[in-house]
Amino acid sequence: INAEYMGRFTCMIDYNSPVLGSQHAGISSIAEFKKDIASCRTFCFLHELEYQLQNNLIKGGDLNNAIVIVDKEVTKDELDHLAKIFKRTAIEVAPQGILNNMELRYQNEPA
C-alpha cells in the first residue's frame, strides 16, 4: 500500500475506568505515525499487573517501558512489594493515578 493513499485514522476507546476515561487519538496521514503514535508505550491497569506477575506473564516489561494505571487503593506494603519485584528502592502513585510518577508523553497515550 502506498503511504500517500492512506487516509485519516481516528480511534476512540473507553476502558470503563474512573481513573482512565475515554481516550481519543487520530492522525491525518500515515506519515504522522512516527511523530504522534510510535513513541507511545504499552500500559496496563494495576489489577492486571498483579495477575500477570502471579502467572509469570511479564517477559520484558518494566516500569521504564510500560505505564501502570493505578485503578484501586494500594497500601504501602503493596507498593513496597512492587518495588522489590521491579528492583526499585521505592514506588509511589502520582496524583494522576500513574505508578511511580511516570509522565505521559501524550495526554491520550493509552489510546
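Buried here stands for under 20% relative accessible area, exposed for over 50%, and partly exposed for what lies in between, using a 1.4 Å probe and protein chains only.

Before I go on, a word on what you are looking at. This is a predicted model, in which local features need pLDDT of at least 70 and side-chain atom pairs count only at pLDDT 80 or more, while totals for chains, interfaces and linings use all residues. Residues are numbered from 1 along each chain as its sequence is written, and side-chain values use heavy atoms, with hydrogens and water left out.

Now, which residue forms a salt bridge with Arg41? The partner is Glu109, and the closest N and O atoms of the pair are 2.9 Å apart. By salt bridge I mean a side-chain nitrogen of Lys or Arg within 4 Å of a carboxyl oxygen of Asp or Glu. This pair links distant parts of the chain: Arg41 sits in the loop between α1 (33-36) and β3 (42-45), Glu109 in the segment after α3 (76-85), and the two are 68 residues apart. Is Glu109 buried or exposed? Glu109 is buried, at a relative accessible area of 3%.

Let me step back to the chain. There are 3 helices and 4 strands, and along the sequence they follow the pattern β-β-α-β-α-β-α. Helices (H or I, at least four residues) and strands (E, at least two) are DSSP runs, numbered from the N terminus. The C-alpha trace spans about 55 × 30 × 25 Å along its principal axes. Of the 111 residues in the chain, 26% are buried.

Back to the charges. How many salt bridges are there by this rule? The count comes to 5. One of them pairs Asp80 with Lys76, with closest N and O atoms 2.8 Å apart. Both residues are in helix α3, 4 residues apart, so about one helical turn separates them. Asp80 is partly exposed at 37% relative accessibility, and Lys76 counts as exposed at 57%. Elsewhere, salt bridges that share partners join Glu50, Lys72 and Glu78 into one network. Within that trio, Lys72 and Glu78 form a salt bridge whose closest N and O atoms are 3.3 Å apart. Lys72 is partly exposed at 33%, and Glu78 is partly exposed too, at 28%.

For the charges overall, the chain has 11 positive and 15 negative side chains, and the centres of the two sets lie 7 Å apart. Lys and Arg count as positive, Asp and Glu as negative, and His and the chain ends are not counted. Each charge is placed at NZ of Lys, CZ of Arg, CG of Asp or CD of Glu.

Last topic: the cysteines. A disulfide is a covalent bond between the sulfur atoms of two cysteines. The structure holds 0 disulfides, taking a disulfide as a pair of cysteine sulfur atoms within 2.5 Å. Cys11 is partly exposed at 23%, and Cys40 is partly exposed at 28%.
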